[in-house]
Amino acid sequence: MIRLVPRRQRSRAMVWGAPLLAVALTLITGGLTFAIMGKPMGAALFTFFVQPLTSVYGVSELIVKASPLVLIGIGLSLGFRANVWNIGAEGQYTFGAILGGGIAIFFHDSTSPFLLPAMLIAGAVGGMAWAAIPAFLRTRFNANEILVSLMLTYVAVLLLSYLVHGPWRDPDGYNFPESRLFPEAGTMPVLIEGTRVHMGVFFALIAVGVALLLGKGLTGFKLKLVGLAPEAARFAGFSETRIIWFALLAGGGLAGLAGVIEVAGPIGQLIPTISPGYGFTAIIVAFLGRLHPVGVLLAGLVMALTYLGGETAQIEIGVPAAVTGLFQGFLLFYLLACDVLIRYRVHILIGKAAR
Amino acid sequence: MDEHNDKNKPDDGRRAGAPLLEARGLTKAFPGVIANDTVSFIIRPGEVHALLGENGAGKSTLVKMMYGLLRPDEGELFWQGRPVQMDKPSTARALGIGMVFQHLSLFEPLSVLENVALAVPGKWNPKALRKRIIEVSTAYGLPLEPDRIVQSMSVGERQRIEVVRCLLQDPQLLILDEPTSVLTPQEADQLFATLDKLSAEGRSILYISHKLHEVRRLCSGATVLREGRVVAHCDPREETPGSLAELMLGTRIAPPSRASTRRTTPRLRVFNVSATSSRAFGFDLKDISFTLHGGEILGIAGIAGNGQNELMKVLTGETKLDHEADAIRVDGAPVAHFGPIHRRLCGMAFVPEERNDHAAALNLALTDNTFLTGFSKLRLTRGGMIRSRRTLEHTKRVVDTYGVRTAGPRADAGSLSGGNLQKFVVGREIMQAPEVLIVAQPTWGVDAGAALAIRQALIDLAATGSAVLIISQDLDEIFAICDRIAVMSEGRLSPPVPVAQATTEEIGLLMGGVHAPTIPPEPEPEQREAAT
């Protein structure tokens with residue numbers, strides 16, 4: 001008989017052990033899934049998780065894909081700490097890309113060195129504006145931010161689709177639903193020649209650094225306290241309304257920034273699909289990284305690998321593209337299950353003791 | 001009733017026939033602590049037996065093992081001489097053990113009848129059940145209306161539901177955990193009469209309490225626990241409160257001492273405060289006015305849920321009175337429009353009633369909890385960053401000064417026992433040297449040793465010229481340490497009177513909602529200075 005026995009204190013070891021365990025269980029389940037599909041288990045796992053890292057190009061792609069995940073994940077983790085559940089980062093990412101990309105489109109013949117900074121600012125502001133809607137509705141009418149932010153995602157994605165099919169369509173684009181290419185001055189500089197690694201990496205790292213500092217400051221304390229003990233936060237005198245605004249604006253701003261960086265970087269124009277679900281995957285990144293900045297950085301790399309591995313596996317062993325989503329799902333599922341071990345320990349009773 | 005003179009010799013009880021319940025060598029260990037170490041004792045039929053001990057002495061663990069909520073690692077339980085396995089509460093109930101918990105487990109939106117029905121096995125038969133509830137409640141002097149909704153009832157009335165619920169199952173042994181902590185003196189007397197009746201019928205009662213005079217009034221036998229071990233079996237009627245406390249604590253403790261206070265200048269003035277309660281069935285505050293002087297301790301008595309929480313929120317600033325800044329003044333300065341942070345900077349400090357996740361965040365370290373209320377007054381931040389060394393040093397001082405037993409200043413608040421956490425919370429506020437300290441239920445659920453330390457600390461603070469306000473349901477506490485007393489009932493506050501002129505009966509009537517005070521209100525000569 002297996003029993004869950006509550007622990008007297010949260011296990012600090014399991015706080016970090018649970019994600020590792022979840023990754024291990026994901027590998028096992030993934031391997032079995034490959035086996036059921038008739039693929040050799042070991043080789044398939046190798047193709048998925050190791051092969052992408054065996055080339056310089058693969059590693060550089062990992063970094064390219066991890067940057068937006070880390071950037072968004074950092075922002076979300078700030079809010080999740082305070083129990084502010086911003087599930088609509090995908091929409092804030094998209095709206096940031098629309099606003100920032102819009103500047104590049106309007107000034108498409110600009111060579112000004114201020115174009116890119118203006119786009120980045122517009123992107124962050126766009127993300128914040130999109131997140132301000134759930135923040136306002138939550139603080140003013142107590143509307144659930146999960147639903148509002150999630151539904152706004154579809155609004156933003158459809159808005160982008162409308163723009164690139166209609167008013168912002170490239171006049172020289174043979175009617176393809178895409179905008180003009182951004183001018184040189186509106187493109188993220190590439191850091192390493194021959195790869196797609198761009199300036200956005202720095203923004204992700206800066207975000208990690210700032211989040212680390214916040215964690216040691218009054219703001220981080222407020223976020224943590226509102227999340228852990230809202231009554232105590234009220235008693236301390238911290239305004240819950242302000243925390244909610246801060247959490248949503250920070251999350252939205254970083255997601256918007258990630259959006260504009262993505263369209264000004266690897267993509268280079270506005271197209272109907274500018275994200276393979278970064279905004280949603282970043283939710284897993286935040287939890288897998290234990291809402292800790294360094295953890296988010298590592299988790300961002302792991303989740304980026306599932307994108308790369310999915311692509312590699314698709315090409316090499318002919319499995320459907322859905323395998324990426326499947327692995328991400330496994331990981332979240334196991335992570336949530338393993339988190340039980342933080343508060344409980346497993347007690348296995350055998351034979352006589354079981355009765 | 002002469003079989004009770006068996007001081008320190010539990011086994012002597014056997015000559016008076018088979019014990020109802022016997023515990024032999026019960027041992028229960030949790031990671032890092034042995035909660036019960038070979039505990040043995042006997043409860044005889046018809047006996048009211050006290051279980052005494054500090055918080056953390058292992059009383060709850062012991063009771064949980066007897067009620068089937070925990071299983072002992074070692075040792076055995078005997079029911080009427082036969083060994084029994086208490087593997088779940090239903091086993092205990094089937095044997096005839098009923099328990100009334102300290103924290104009542106009732107469904108608030110349901111009626112009395114429905115709550116009772118949920119706990120009584122068998123088919124849903126409201127007619128028969130209603131009849132039985134009325135029978136039992138009248139027979140034992142526990143008046144109850146079966147169709148009232150629990151939410152609208154006072155804590156004392158709610159407790160009656162739990163007692164009646166137990167009695168419906170005709171228990172041979174009734175376990176009561178700190179039952180009088182929520183009762184007025186009159187209600188407590190009513191409960192004692194019920195318990196006397198039950199005992200006269202031959203039922204046994206296991207009575208867990210910190211209130212030593214109650215144990216002496218009610219119980220004919222007592223088992224004293226200290227650090228998980230039985231340190232004595234005694235007859236509490238032959239002991240003094242002092243000797244009982246000494247057995248519990250292992251050391252002699254002096255009662256709180258205080259020199260007579262000189263009332264000096266008014267420090268806190270509350271003038272005509274009214275506020276709407278945010279909770280359903282909470283009482284709105286109606287024209288609350290009082291003045292608190294430097295050097296004095298004012299006690300606000302009252303049964304829980306009569307507006308004390310609302311008053312506390314208004315005083316801490318969790319409820320701000322935006323347009324009536326003058327309604328609350330500290331040393332003459334209006335503060336009613338400020339939130340808690342600003343009020344603390346004006347010299348106020350607060351200890352709310354609920355220590356868990358209100359006064360202190362359980363999942364955060366003690367250092368973080370020091371920071372929680374002290375960061376502005378003690379300047380624990382610089383440039384938005386937490387000054388962790390300064391916070392740590394201050395936490396250490398609180399821990400050392402108030403003898404908080406903890407693994408260290410970085411331990412989670414949740415790892416402390418209730419009494420130790422309360423010492424920490426009260427000490428944390430006093431160490432900020434407040435001009436005005438407002439404390440709700442300073443010794444709620446706290447063992448005698450910690451309660452004494454806390455009361456002494458409050459007295460010492462008042463002696464330095466600070467003003468102290470205590471909102472407490474514990475009348476003994478108010479009579480022991482306060483200079484004046486006022487009573488809160490249905491959102492109103494009676495005029496404060498000197499404790500020396502008040503009697504328990506009069507205060508009890510005020511608590512029960514009798515609004516015409518039989519005590520002349522004390523003249524307030526400073527009333528006209530309010531504007532200064």
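Analyst: Between domain 1 of chain A and domain 2 of chain A, five residue pairs are in polar contact, both residues at pLDDT 80 or more. A polar contact is a pair of N or O atoms within 3.5 Å; within protein, one must be able to donate a hydrogen and the other to accept it, and residues adjacent in sequence count only if both atoms are side-chain atoms. On the domain 1 side, helix 1 (12-36) and helix 13 (323-338) of chain A each supply at least two of the residues that touch domain 2. Helix 13 of chain A gives the largest share, six residues. Helices here are DSSP runs (H or I, at least four residues), numbered from the N terminus. By class, this side of domain 1 of chain A has 12 nonpolar residues, two polar and one charged. Ala, Val, Leu, Ile, Met, Phe, Trp, Tyr, Cys and Pro count as nonpolar; Asp, Glu, Lys and Arg count as charged; the others, Gly among them, count as polar.

Some ground rules come next. This is a predicted model, in which local features need pLDDT of at least 70 and side-chain atom pairs count only at pLDDT 80 or more, while totals for chains, interfaces and linings use all residues. Residues are numbered from 1 along each chain as its sequence is written, chains are lettered from A and ligands numbered from 1 in the order in which they are written, and side-chain values use heavy atoms, with hydrogens and water left out.

Now the domains themselves. Domain 1 of chain A covers 1-39 + 319-355, and domain 2 covers 61-315. These bounds come from an automatic or database domain assignment. The C-alpha centres of the two domains of chain A lie 29 Å apart.

How many residues meet? In chain A, 15 residues of domain 1 are in contact with 15 residues of domain 2. Contact means heavy atoms within 4.5 Å.

Next, the area. The size of an interface is often given as the accessible area lost when the parts come together. Here domain 1 and domain 2 of chain A bury about 1,300 Å² between them, and 72% of it is on carbon and sulfur atoms. That buried area is the accessible area (1.4 Å probe) that the two parts lose on being put together, summed over both.

Last, the charges. The count between these two domains of chain A is one salt bridge. A salt bridge needs a side-chain nitrogen of Lys or Arg within 4 Å of a carboxyl oxygen of Asp or Glu. A:R290 forms a salt bridge with A:D339, with the closest N and O atoms 2.7 Å apart.
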